[in-house]
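Let's take a walk through this chain together, starting with the overall picture and then stopping at a few local details. Keep the viewer open as you read.

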Amino acid sequence: MGMPALACCVDAAAVAPPGYADFIAGDSSLAAAVPFSSSTNATAVSEDSVSTQWTPSHSAALYRVDSWGTPYFAVNDSGNIAVRPHGASTLAHQEIDLLKVVKRVSDPKSAGGLGLQFPLIVRFPDVLKNRLESLQSAFESAVQAQAYGSHYQGVYPVKCNQDRFIVEDIVKFGSPFRFGLEAGSKPELLLAMNCLCKGNPEALLVCNGFKDSEYISLALLARKLALNTVIVLEQEEEVKLVIEISEKLSVRPVIGLRAKLRTKHLGHFGSTSGEKGKFGLTTNQILSVVKELHGSGMLDCLQLLHFHIGSQIPSTDLLQEGVGEAAQIYSELVRLGANMKVIDIGGGLGIDYDGSKSGNSDLSVSYGLEEYASAVVNAIRVVCDRKSIKHPIICSESGRAIVSHNSILIFEAMDAAAPKIPAMNQINIPFIMEGLSEDARADYWNLSEAAMRHDNETCLFYADQLKQRCVERFKEGTLGIEQLGAVDGLFDLVTKTIGASEPVRTYLVNLSVFSSIPDSWSIGQVFPIVPIHRLDEKPTVKGVLSDLTCDSDGKIDKFIGGQTSLPLHELDGGSGGGGGGANGRYFLGMFLGGAYQEALGGFHNLFGGSSVVTVLQSDGPQSFAVTRAMPGSSCADVLRMMHHEPELMFDTLKHRAEEFCGFDVAALSSSIARSFHNMPYLELASSCSLTALNNSGFYYCKEEDYNAALAESGASEDEQWSYCVA
């Protein structure tokens, strides 16, 4: 591959450097073609031949799906992401093709779909159930293998994702093994109390967080309601409130305390650990609480020790160190007369975001569920056996590890900004030379000579220097924008031809990073992002993602594996022009984001929450059933969040239309009303938004539930949604 020499006749008044006349042809035409040497070009043929042999297995390796996705995600033979809802136990016919789910819920109602807009969160309760059961199984195996004298009984910290249906599912799925909930605020306590009314009566309700009188009263009321509630002291002052209020309410409380360990997690997520951490009681404060409880005749109420090393504990070595230290404190509390029964190891059970299985990264962990459970049980058992203390119930607050896998964020790439690089015969060199200084002309001559010598490094040097000189002259007002544009085109052509840089393209995606992936911009968290289809095609573009917000931070340019770009496909491509069955549309999925992202999402530029669907594995021909759906936040919804009143706003705009638009009032008013009702995100002209007005947007899978909601809401027949099995 080559390009014409970067040479032409310049203005006759220009003085050429020595030897330049021999290179110039003597007229204004381009000189004969002179190839640049380029290692990139030399391999183009071999790469093209490989692309014809690209398989889904190549994509699985490229995007590390088999590393971070096992056992829940894989690439199927059609080149689409497949969900394995039951983990390693999933049978072949139970796999769910994610693209088929997306098409079913986003296609217009007229085509048999639900017409939901993007971005879209797809939830898989079967995955959630499998995560709970796998965690329970890991601890049960460790308890049995080490002859541990008690049992494991976990709780879910609702702060990870407070969504009603996720919390209710966890309580339902965890009921057989007494799985409970953890709350860190008054509204979280209220929702936990409500959900646990349908849970196992032995399930723990752990009350963490800073507390006032109302919080403590509410927790004691929960105990009156026969919920297995434990008030965990975060501050020394809280013990007096608990003693005082429990006496007033005539409730005997169960009390825990949070210890501030010396063991410190050095990663990003361990910033609140160690002696100077944000939470917990120091050694002297623990002794003071014990003394206070003893003096009030309530030392027997102290039954639980809680601690938290930090999220994403990278290795079992650090885990065992922290748990061992806590077990020593537990044994000392037993010695001091406390009626200790439970050791709550907090959160920290990490997940492998990048598939590296590394113990030296915030994005990964070097262990699995079995290794984690075994390390915890062993650390507690060794200390208790040494002190001849009865083995306590082991509780953990594993939120990230439970809910991360069950939700997938789907969003669409709407456009890809591809730099338009001109051909050599499209660049008017004489026009460029007219406005150049002598130094800039010399740069061009040196560039041309370097091209003749196939000296790529020198070519790039002079091309860049020429560009910078022209930029300065443009800023001074002595170079026109047309000439600057021509110089930019020349520079882009040179860099492309010699392979100096492979341009990274920006893909505009239909979401707000601030709303849907807040951890990406706030703490630099990296999640696996993968095209959910066309994985039987070789991606040919390096891309970064830019969201819809008017903010420079509204982008994703860091990806797993330490990459600063993501391999992507050309838009409007795919076999048969259909983009792998997506009608030319291009869908990306963000995985392992089920924890925190929905709870932390904001409303920057008034982009609101995503549409949400719940999908269960079924025995239908496509292996899935959509059992619940809810459209995302409308423009009216997000305006209300900022205390605007959409109904009054509509009236104001309607009256304005009557004043200025005459006979077009009805059409304009209808258009404005639709804008209030629709989501803030971009909408394809061909898409059909699903109206979900009077049934609160919920989509019921049980006929009796749906009919009851319909009767209560008074929704018309046109607004009814039907159960959808594929």
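How many helices and strands does the chain have? There are 26 helices and 24 strands. Please keep in mind that this is a predicted model. Of the 726 residues in the chain, 52% are buried. The accessible surface amounts to about 31700 Å², and carbon and sulfur atoms account for 51% of that area. If you take the contacts between residues at least 6 apart in sequence, 75% of them link residues at least 24 apart.

Our first local stop is a sheet. Strands of a sheet pair through backbone hydrogen bonds, in either a parallel or an antiparallel way. Here 3 strands make up an open sheet with the order 3-4-5, and their pairing is antiparallel. Strand 3 (73–75) and strand 5 (96–97) are the edge strands, each pairing on one side only. Between strand 3 and strand 4 (residues 81–83), the antiparallel pairing runs over 3 bridges.

For a parallel pairing, move along to strand 10 (residues 228–233) and strand 11, which are joined in the parallel sense over 3 bridges. V232 has its bridge partner, G256, in strand 11. In a regular strand, side chains alternate between the two faces of the sheet. Is strand 11 (residues 255–258) covered or uncovered on its faces? Both faces are covered: I255 and L257 are buried on one side, and G256 and R258 are buried on the other.

Next, have a look at a pair of helices. Helix 8 (residues 164–174) packs with helix 9 (residues 186–196) at an angle of about 40 degrees, and their axes lie 10 Å apart. Angles under 35 degrees would count as roughly parallel, so these two helices are oblique to each other. Their crossing is right-handed. Where they meet, helix 8 brings V167, E168 and V171, while helix 9 brings L191, C195 and L196.

Now find S356: it is 289 residues from S67 in sequence, yet the C-alpha to C-alpha distance between them is 7.3 Å. Setting aside neighbours within four places in sequence, S67 is in contact with G355 and K357.

Key: Residues numbered from 1 in each chain as written. Predicted model: local features only at pLDDT ≥ 70, side-chain atom pairs only at ≥ 80, totals over all residues. Heavy atoms only, no water. Helix = DSSP H or I, 4+ residues; strand = E, 2+ residues; numbered from the N terminus. Buried < 20%, exposed > 50% of the residue type's maximum accessible area, 1.4 Å probe, protein only. Contact = heavy atoms within 4.5 Å. Areas by Shrake-Rupley, 256 points an atom, 1.4 Å probe, with all protein chains shown as cover. Pairing = 2+ DSSP bridges. Axes fitted to C-alpha atoms, helices over the stretch in contact; angles between N-to-C directions. Parallel < 35°, antiparallel > 145°, perpendicular 65-115°, else oblique. Left-handed = near helix turned anticlockwise from the far one by under 90°.
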